[in-house]
Each structure stands twice: as C-alpha cells, then as structure tokens.
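Trainee: I am new to this model and would like to go through it in questions. Where do we begin?

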Amino acid sequence: MNEEEKYFDYSMVPGKNLNKNQAINDKEPIISIITGYYNCKKYIKQTAYSIINQSFPYWEWIIVNDGSTEEGTKEILKEIASLDSRIKIYHEKNQGRIKTRDTAISKAKCDLLFILDADDVIERTMLECSYWTLQTNPKASWVYADLVNFDGQEFLWKKIFNSNIEKKENIIPVCSLIKKEALMDVGGYGVVDDDVHEDWHLWLRMLEKGHFPIRMNYYGFWYRKKKEGGILDSINQDKKRDEHAREEIAKQAKKIKDEIYAIQFPSTTKSNYDSYPYVFSWDRKPINMQGEKIRLLFIFPWFKVGGADKFNLDLIERLDKNKFDITIVTTEECEYIWRQKFEKQAEVFDLTSFLHRQDWPAFIHYIIKSRNIDIVMQSNSYFGFYAIPWLKSEFPKVVFTDYLHSANWSWRNGEYPRDSTAIDGFLDRTYTCTKVLRESMKKDMGRTIDNVKTVYIGVDEEEFDKDKIKISDNKDLEKEMDKLKGKKVLLFLCRISEEKRPIFMIKVLKKLLENQEDIVLMVVGDGPVLREMKDTAQKEGIYENIIFFGMQKNVKPFYKVADVSIICSLVEGLTITTYESLAIETPVVTADVGGQKELVDESCGRVVQNIQTAKDGIYNRDYSEEEINRYVKAIKEVLEDKTIKDNCRKKILNGYTVNNMVEIFEKEFEEFRKKGTQIDPKSIVNKDLYKQLIVMYNQLDIRNYFPQEGGNNSKTDSLKQYKMARLKGKLWQNPLWRGLIKVLKATGIMGLIKKTKLKEKIKKMI
C-alpha cells in the first residue's frame, strides 16, 4: 500500500450535503453536464449535490431519463430539478444508455461537454480545474482526472496515460470534459451498440484522428463501484457480449497507427519559462457578494506532514467559517497525505496538478478577481514571494501578508525571511512564529520591523491531553510496548532529513548507551535520510536499541510513552513537536535554534547550545564530541528530574495554545477588512520589474521536464518520458541534489564532466 492509499479518507465522498453558500451564476453557461438516467433513485441526489457544490457555477445540467422503470422516478427527478434552475430534465422512451447520452448531447447549449453518470460524483473544483486546463492547452480535445473508486470497492486509480496501453486496457475514466467539436468529429457515442464499452471505444476513435487528452494529477472523480456490479460487469460476465465487445475494441485499436501523447501533470510538456505574467480574458461578475464574508486566499507550497503544514491546517480548520471564506492554492507537487484535511475546510487548487508554470500567475489573478479576495496570506511558497509584487500591482486594494517559521542560513542567505524582507514594501504585515526570528530580520537582514508581528503557532491543549490519549490508539506502538517496559524512552519525531541531523542523533544514543543500557529510541517519521539512519545504527551496533516506526497518522501515543523528546536540528522556527510534547507532559531537550528557548527552559526541559550550525553546512557529518556530550548530559539531567513533567503542560496553558493563535489572526483579519491596506498605491509603479521577477523565478527554478507536446510522436516512449520528467523534478526539489550540482560547478568538476562522453546524459539530468 502506497502513502496515498494509506492516508486517503474514503468517507469524504463529495455530495453528502448541499453547501449553504451558493455561487453567483453570471451570464450563459460554459459547460453542459451530460447525464443519462436509468433507475438511479438511490444515488442521484448525491450526484446533484456534488454538481451544485461546484466552485465553478457556469454550467447547465442535462438529465435524460431513459424510460426508467423504478417507482418514484418522475418525483425524484422533479425534486432534483427544483434544487437549481440550471438543471434540465427530459423524459424519453427507453433507447439504451448510449443513445440516451447522444440525446442529452443534442440538447446541450455549450461547446464543452462534461460526461457524468447518474450514480457518480465529482470533487468541488473538478469543473473549474478541467475548464482552465483545457483553456490553457487549446490543442487538446478533452481532459480527465485521476479517480477514486468508492462504495462497493475502495481504491485509488492513478494511471499514467499511454496510448499503447489504452489499446489493451481502458485507463481513461468516462467522466471527462470534452470539446463538442472533437466529439462530433468522431461521430459521438452512438456509433457502437450497448454491448460495447462506449467510452473506451470513443477514446480510441479520438486517438485515431489525432485528438489527445490532458490528464490532471488529482482525484477529481469518484466512481461508484457498486457491490451488485454495473453495466461493464454485466458485459464482462456474459461470454457472448464480452467477446463482441472485445472484438469491436480490438478492431478500433488497430486503426491507431502512431503513438499519441497526452499532456500530463506535473507537466510533461515544456513550460514557456520566459513568458511574462498575463491575465485570463474573463469578464464575469465575482461569484460571491463583496462584504458578505471576509475572503481569504492562502498560498502554500503543499500539504505535507510537518510543523509548518500543521500550523496551516490548525489555522484553516479553526477560523470561523461564518465570518471567513477560504481558498487555497499550492505551488509544489505533493501526494494526497494531508490535502483532504484542507479540503474539508476550503476550496483547494494544486497548481502543479492542472496548469503549466506560465499560467499560474493568471490563475491566481483570476481567483482574486472571481472571489472578491480581501486578504492574501502566503507562507513558505517560494513562488509566492516572486508573484506578490505583480499581484499587488494588479490589486492595490487587497491586503497581502506572509507568515514565517524560520531562517535557513544554508540556503539562499536566509531563505524565506530574506525573500519577505525583499518585498516588504508590498506587505501590510509579516508574521513570525518566534521573537528571535523577528529580531534577526531586523539585525541580520535590514528589515524594518514595524509591520512584523510574532504569533506563536500553539497547540490544541484538549487534543494533546495525556489523560485522553490511549496507547491502543496506535496499533504500531501497541505491538512494540513490550520492548519499552522498564526502559527510558527517547522520542525522535520529525521528517528524517539532513537539517534534523538524524545521524547525529545516532551518535548521541551510542554515547548514552555506554553508561546506561536501559534506553530505547523511538524514531517516528520518514524522509530521505531514513535509510542511512538505519544503516548507521547497524554499523554502530545499536540497532536493537531503536524502533523505527515510519510516518504515523496519530503521534500522540508516542509522546505519552516517551520520557523525553529530542530535537537536535540545525534549522527550526519553534517546532510543533515542542508544543505537542510539552502539552502531553513530556519534557524536551532541544538545540538552541530558532525560537526554541522562547518555549523551553529548565523548568520543562533543556536547551543545548549547538557547535555545528546551518552556516557550516547541513551536510557536514564531522560532529563535535563536545556537542555530543552536551546532549548526553542534558538528556540524563531530564531523565533524572522527577518533577520536570509537572511543569510541561503548565507552560503550554500559559499563552501557547492554538486557540490563542487563531483568536489573534481573526482579530488581525477583521482589522484589515475594516481599515484596508495601508500601502500607498503610488509606491507600486514598476510593473515591468514585477513581471520580470516571475520570469526570474521560473528560470532559477526550472524543473527540467522533458519537452513533449501532445499529439503524434512515434520516436520516443511517452511512459519513459513521463517517468524521467518526474525523476528530474523530484531530484531538483531535493536540497542535497541542488547542493551537489552547486559543488560540482564551484569546483570545476562540472566543466570536466561536460568534456567527457557523458556530457549529454549529465546535461539532461541537470
């Protein structure tokens, strides 16, 4: 089971309820939703809710009743029609599902057709993402998303498009947004009979004529896998019908002579990184009334599992939805680990999953305009810092803010705080998670800090209450409890990456075990250095004293059984691990980095002065024996202190709760709405420079995806191209890889490599 399957929440089926706030529908529809209906009384209301709840309101829904025999059919369809004036019901004699679909298409007003069966549902942003990816890729003929199978069977369906595979197996969902002219070009659905897989046959006919699709990289479509089986199952189980269906598919597949390439996200097509930001041609009214609520747009990098992401989630979850309406855009590729948690609270757009880089500014511009956004808050999005000056010049009345967690002196001379300082003239407020970061921006970066405010991220003291947590809440931990009995238990909970110094932690543990054998280290987390951490533990002969749990959904029981949490990082703000550990009465031994000592003192743990720093390089493994001894001493002192646990939770309750954090932000946002921006629009004049900043970002951060346009290209293998593109993208996102390239260039080794016969291969990788 992969990470997405492990964390995916199948209970979050779209359409369970009808949203209270309906979008304003201005002018004529853009998309005709096409549904053939036959005996689906049990499911149609959920399908309807998922459509009415769409973030993109410019649709009409054509439902054709194909002579349903189910009692109450007309009544349920009348009820559905009464939900929204955009829903149109037609009753026909039974003619079969394929002709019914063509009948519905004949009644459609729009040039874009969205095919949706009466028992399936779609995610809130499916229509909007489908529309804009098709608009920004005008050569493509249709677009689809990855799908979730639910109801009778639950599993995720994410298949890389390959036309050779499509000839043998249908990997494209029926739910797609199709250009009407392309559909008519191949004769619609009705060129086959009801015993043929009509959607599969359609895709093959479209590929034969050179039409190609776009595959979005997110789960936008939920396909109901009923226990009793569907039409496809009934065909497959009937030998005669199955043979006929296979013959028709095989006959059509043979007509495709060339390999056809799709546009797939994260992009396998070459973005125009030199393009200046532009705006979409869009003249419709905003979809909501100004002043109704405070409209917030958050720009985040991703939805990973980490302290910064937990802060984002806590804030989004707890903001009063009666006062605030929230939209989120993300700018870095990531898997479905925490995305659904955010989707419960807001409309979410992962830009990497449906847009090329050159189209990101236009889409964010469209979001601000179409949602009547009052306040933009960006946090840790590298792209966001480069885009804000241009966005502010386009929307001078909108308030722009940012939130900073830490300064990383090993990357870009301070990383995000340095970026924030560079654009402080466009920001009404910068928030920092520690006072030390605020002061560092003034002292080390020259930031005028009058508009910089510290807001601690906090922790939910109710959720992290030791008395409410059971060991049995985590089965992985429960299985290992015998190994912890009678032992002193250390907890190392973090992303296992270089800046967290997992190898240093192994050295500290080995030193501790020299004089005290009753110690066990729990390692909770995953990351690029986990394999090396395990190998080092083996080499040092202490593997038996460590339990590696990997990434965990529920970490609270680990804090409960631990005697002390260890944080030996080189880069931090003020870690969520510190807040959570103290809330559960577990003391913390931490490096003196970021604002750790603003929360940890001798009453609840120890702060250890580091000898190695981020400025020395996070990949430096030449650890100081003295620094190792400092950690050993601090851990021993905490383990021997019988009263220290009593002080931990008291520290949190004294102003470090998440509710306190949310209360501050709600007051801040309400004040901004009341007063508006304080930035003089006359100071925002150099639009060409602001556009150039975005071009510079694109040039500096090119992912080196393999250039591949949709359509015919028989010389190369699309599957290999796509995998290579993903590999290059992932490598470039890894700081270790970027650091290696930097070293190779600085030492002149890169020049030597380029002179060898490996030149072309290396160039492709960098």
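Mentor: Helices (H or I, at least four residues) and strands (E, at least two) are DSSP runs, numbered from the N terminus. The model is predicted, so local features need pLDDT of at least 70 and side-chain atom pairs pLDDT 80 or more, while totals for chains, interfaces and linings use all residues. Residues are numbered from 1 along each chain as its sequence is written, and side-chain values use heavy atoms, without hydrogens and water.

Trainee: In which loop does Glu585 lie?

Mentor: Phi of Glu585 is near 70°, a positive value in a residue other than glycine. Most residues other than glycine have a negative phi. The residue sits in the loop between α22 (576-583) and β23 (588-591).

Trainee: Is Glu585 buried, partly exposed or exposed?

Mentor: Buried means under 20% relative accessible area, exposed over 50%, and partly exposed in between (1.4 Å probe, protein chains only). The relative accessible area of Glu585 is 24%, so Glu585 is partly exposed.

Trainee: What is the relative accessible area of Asn372?

Mentor: Asn372 also has a positive phi, near 55°. Its place is the loop between α13 (360-371) and β15 (375-378). Asn372 counts as buried, because its relative accessible area is 16%.

Trainee: Which residues does a cis peptide bond join?

Mentor: Most peptide bonds are trans. Here a bond has omega of about -5°. Its proline is in the loop between β11 (263-264) and β12 (294-300). The cis bond joins Phe265 and Pro266.

Trainee: How far apart in space are Phe161 and Ile171?

Mentor: Phe161 is in the loop between β7 (155-157) and α6 (163-166), and it is buried because its relative accessibility is 0%. Phe161 and Ile171 are 10 residues apart in sequence. C-alpha to C-alpha, the distance between them is 7.2 Å.

Trainee: How far does helix α11 reach from its first C-alpha to its last?

Mentor: Helix α11 covers residues 307-318, 12 residues in total. Its buried residues include Phe311, Leu313, Leu315 and Ile316. The expected span is 1.5 Å times one less than the number of residues.

Trainee: Which kind of aromatic pair do Phe56 and Tyr58 form?

Mentor: Rings of Phe, Tyr and Trp (its six-membered ring) pair if their centres lie within 6.5 Å; planes under 30 degrees apart count as stacked, over 60 as edge-to-face and the rest as tilted. The count comes to 47 aromatic pairs. Because the centres of Phe56 and Tyr58 are 5.0 Å apart and the planes stand at 85°, their pair is edge-to-face.

Trainee: What is the angle between the planes of Phe221 and Tyr223?

Mentor: Phe221 is buried, at 1% relative accessible area, whereas Tyr223 is partly exposed, at 25%. Their centres are 6.2 Å apart and the pair is tilted, with the planes at 55°.

Trainee: Which tryptophans belong to the aromatic cluster that holds Phe56 and Tyr58?

Mentor: Phe56 and Tyr58 are both buried. Other members of their cluster include Tyr131, Tyr278, Phe280 and Phe349.

Trainee: Over the ring of which residue does the charged end of Arg357 sit?

Mentor: A charge sits over a ring if NZ of Lys or CZ of Arg is within 6 Å of the ring centre and within 35 degrees of the ring normal. Lys556 lies over the face of Phe464, at 5.5 Å from the ring centre. For Arg357 the distance to the ring centre is 4.8 Å, and the ring is that of Trp360.
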